[in-house]
Amino acid sequence: MKDLQDLEITRDYNVSLDRLWSAVTRPAQIAQWLGPEGTRLERCDVDFSQLGPYTCVMIGLDSGNRFKVSGQVTHVQPPEDGSGSVGFTWAWHDDQDQRGHESHVTFSVQPTDTGARLILTHRGLASEEQSLSHESGWLSTLSKLDKLLT
């Protein structure tokens with residue numbers, strides 16, 4: 001059963017499954033799209049092709065505000081026989097660099113008749129308000145991925 005705090009966003013792309021997988025797991029690719037529109041990555045130590053910690057710092061282009069998120073890559077299942085997924089924990093840092101509430105994100109990829117599908121799930125958000133805020137952020141972020149893949 002889906003909680004009100006859980007998100008699921010699906011996007012279909014006219015690209016190969018391998019191309020989509022690379023876009024959502026490889027550091028050089030991730031650096032081109034991760035973060036909502038109106039931000040840029042100041043630093044992003046992430047490789048979703050292997051287990052381990054990651055940290056990303058985004059800067060608001062207009063505000064100059066810094067936004068830091070960190071977590072652990074919890075699983076990596078390459079799409080060798082069809083579907084694949086990568087999961088990671090997600091927690092924003094406050095102004096004193098203390099990690100906040102931890103939730104979990106999964107990028108799942110699967111082949112379609114016309115290319116590949118990405119299913120982004122974000123579970124365990126603390127409130128419906130956080131869910132709505134993250135949904136807005138992910139939709140903006142995925143519009144950057146859309147541009148990269150078209």
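Where is the place of Val-15? In this predicted model, Val-15 is located in the loop between S1 and H1. With a relative accessible area of 14%, below the 20% limit for burial, Val-15 is buried. When neighbours within four places in sequence are left aside, the contacts of Val-15 are Leu-20, Gly-115, Ala-116 and Leu-149.

Seven strands make up an open sheet, arranged in the order S1-S7-S6-S5-S4-S3-S2 with antiparallel pairing. Because S1 and S2 stand at the edges and each has a single partner strand, one side of each is left without a neighbour in the sheet. From one strand to the next, the twist averages 25°.

Within this sheet, S6 and S7 run antiparallel and are joined by nine bridges, and Ser-108 stands opposite Ile-119 in S7. Two helices were then considered in relation to the strands. Helix H1 lies across S1, S4, S5, S6 and S7, and runs at about 165° to S6. Helix H3 likewise packs on the sheet, where it touches S1, S2, S5, S6 and S7, and its direction makes about 10° with that of S1.

The geometry of H3 was compared with expectation. The helix comprises 22 residues, 128-149, which at 1.5 Å a residue should span 32 Å, and the separation of 31 Å between its end C-alpha atoms agrees with this value. Buried residues of H3 include Ser-131, His-134, Gly-137 and Trp-138, together with a run from Ser-140 through Thr-141, Leu-142, Ser-143 and Lys-144 to Leu-145, and Leu-149. The partners against which the buried residues of H3 pack are strands S1, S2, S5, S6 and S7 and also helix H1.

Ser-103 is placed in S6, which covers residues 103-112, and it counts as buried at 5% relative accessibility. Its side chain makes a polar contact of 2.6 Å with the side chain of His-122. Not counting residues up to four places away in sequence, Ser-103 touches Phe-88, Thr-89 and Trp-90, as well as His-122, Arg-123, Gly-124 and Leu-125. Thr-121, for its part, is found in S7, which covers residues 115-123, and is buried with a relative accessible area of 10%. Apart from neighbours within four places in sequence, Thr-121 is in contact with Leu-7 and Glu-8, and also with His-104, Val-105 and Thr-106.

The structure holds one disulfide, formed by Cys-44 and Cys-56, whose sulfur atoms are 2.1 Å apart. This pair links distant parts of the chain, with Cys-44 in strand S2 and Cys-56 in strand S3, 12 residues apart. The two cysteines were also assigned to accessibility classes: Cys-44 is partly exposed, with a relative accessible area of 23%, whereas Cys-56 is buried, with a relative accessible area of 0%.

Notes: Residues numbered from 1 in each chain as written. Predicted model: local features only at pLDDT ≥ 70, side-chain atom pairs only at ≥ 80, totals over all residues. Heavy atoms only, no water. Helix = DSSP H or I, 4+ residues; strand = E, 2+ residues; numbered from the N terminus. Buried < 20%, exposed > 50% of the residue type's maximum accessible area, 1.4 Å probe, protein only. Contact = heavy atoms within 4.5 Å. Polar contact = N/O pair within 3.5 Å; in protein donor to acceptor, adjacent residues only side chain to side chain. Expected span 1.5 Å × (residues − 1). Disulfide = S-S within 2.5 Å. Pairing = 2+ DSSP bridges. Axes fitted to C-alpha atoms, helices over the stretch in contact; angles between N-to-C directions.
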